[in-house]
Amino acid sequence: MIVAHLLDMDGVLVRGGQPIAGSIDYVAGLVCNGKPFQIFTNNSRFTPEDHAERLRAVGFLVQPEHIYTSALATARFVELQKPGSSAYVIGDNGLVGALRHAGCRITQFAPDFVILGDTTSYHYEQIAAGAELVAKGAWFLATNPDATGPTERGFHPACGAVAALIEKATGRQPYFIGKPNAFMMRSALDRLGVSAADTIIVGDRMDTDVAAGLESGLKTALVLTGVSTRADMERFPFRPDHVIERLADLGEILMKE
């Protein structure tokens with residue numbers, strides 16, 4: 001029996017900042033019935049408070065504690081691996097704030113980590129400085145492997161693409177914390193206090209959402225309101241447990257199980 005949900009944000013709940021039909025009611029049902037859930041995103045730009053406010057503005061009944069980002073997972077990873085460490089950060093407030101809250105000192109002087117996240121304004125000087133620090137021995141982390149991200153003008157190079165630039169310059173591969181890394185799954189499950197067997201992840205990407213769920217022992221549902229299509233599924237050697245047109249269709253399916 002499915003007890004908890006991990007819900008991807010972009011492509012599942014919203015598209016272009018606007019709610020996808022039926023998604024507001026689905027989330028409202030989870031809230032009203034006291035079902036544990038996390039809105040799960042690789043987007044490290046914003047704080048949980050910012051994400052929640054943006055979702056509430058278009059009608060979702062959510063609070064910051066319902067949001068789990070790759071920035072929070074990265075901060076948790078750093079806290080576990082080296083408490084009280086330091087980091088040079090290339091990213092926005094969501095990542096910087098999460099790291100500081102976890103006790104990580106932000107510095108450009110001999111940091112333990114170089115941590116790359118999402119931003120719409122990557123500066124060459126920061127990328128070059130990060131590459132130099134990685135080359136000198138700083139551990140290289142990145143919040144997520146997504147190569148592109150959506151904007152109002154279309155797609156733009158995202159964390160994974162910039163990570164590839166630093167890797168090419170230094171010969172040092174980053175360790176990606178966000179989906180499909182099972183660490184992010186386990187961190188969210190720990191936060192909810194539920195087991196993988198009792199949880200379903202709902203996403204719009206085969207390569208991150210569905211792969212992450214499979215590798216972590218969760219049930220998986222692919223919605224067709226985002227990136228991956230039915231035709232795209234044929235490129236992968238695995239299948240989700242459910243393929244649905246939109247999130248609102250999931251409730252009826254789960255009631256039959």
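Here is a friendly walk through this predicted model, point by point.

1. **Ground rules.** Because the model is predicted, local features need pLDDT of at least 70 and side-chain atom pairs count only at pLDDT 80 or more, while totals for chains, interfaces and linings use all residues. Residues are numbered from 1 along each chain as its sequence is written, and side-chain values use heavy atoms, with hydrogens and water left out.

2. **Overall build.** The protein chain has 10 helices and 15 strands. Here helices (H or I, at least four residues) and strands (E, at least two) are DSSP runs, numbered from the N terminus. The radius of gyration is 18 Å, close to the 18 Å that the globule rule gives for 257 residues, so the chain is as compact as a globular protein of that length. That radius is taken over C-alpha atoms, and the globule rule is 2.2 Å times the number of residues to the power 0.38. Along the principal axes, the C-alpha atoms fill a box of roughly 55 × 35 × 35 Å.

3. Buried residues make up 51% of the 257 residues. Buried means under 20% relative accessible area, exposed over 50%, and partly exposed in between (1.4 Å probe, protein chains only). The accessible surface comes to about 12,000 Å², and 52% of it belongs to carbon and sulfur atoms. Such areas come from the Shrake-Rupley method with a 1.4 Å probe; for residues, only the protein chains shown count as cover.

4. **Contacts along the chain.** A contact means heavy atoms within 4.5 Å. Among contacts between residues at least 6 apart in sequence, 64% join residues at least 24 apart.

5. **The cores.** A nonpolar core is a set of buried Ala, Val, Leu, Ile, Met, Phe, Trp, Tyr and Cys residues joined through side-chain atoms within 4.5 Å. The largest one has 31 residues, and Leu6, Phe40, Val78, Leu99, Ile115, Leu141 and Met185 touch the most other members. At least two core residues come from each of β1 (4-8), α3 (70-81), β6 (86-90), α4 (93-101), β8 (113-116) and α7 (182-192). A second, separate core of 24 residues includes Ile2, Val12, Leu13 and Ala221. As for Leu141, not counting residues up to four places away in sequence, its contacts include Phe77, Val78, Ile115 and Tyr175.

6. **Ile244.** Look for this residue in strand β15 (residues 242-244). Ile244 counts as buried because its relative accessibility is 2%. Leaving out residues up to four places away in sequence, Ile244 touches Ala221, Leu222, Val223, Leu224, Asp249, Leu250 and Ile253.

7. **Val62.** This one sits in the loop between α2 (48-57) and β5 (67-69). Is Val62 buried or exposed? Val62 is buried, because its relative accessible area is 0%. Not counting residues up to four places away in sequence, Val62 touches Val27, Phe37, Ile39, Ala52, Leu55 and Arg56. For Ala52, 10 residues apart from Val62 along the chain, the C-alpha separation is 6.0 Å.

8. Most residues other than glycine have a negative phi, and most peptide bonds are trans. The peptide bond from Lys179 to Pro180, however, is cis, with omega near 10 degrees. Pro180 is placed in the loop between β12 (175-176) and α7. Ala110 has a positive phi of about 50 degrees although it is not a glycine. Ala110 lies in the loop between β7 (105-106) and β8, and it counts as exposed because its relative accessibility is 71%.

9. **Helix α8.** Thr208 is found in helix α8 (residues 206-216), and it is buried at 5% relative accessibility.

10. **Ser187.** This residue is found in helix α7. Ser187 is buried, with a relative accessible area of 12%. Not counting residues up to four places away in sequence, Ser187 touches Tyr68 and Arg76.
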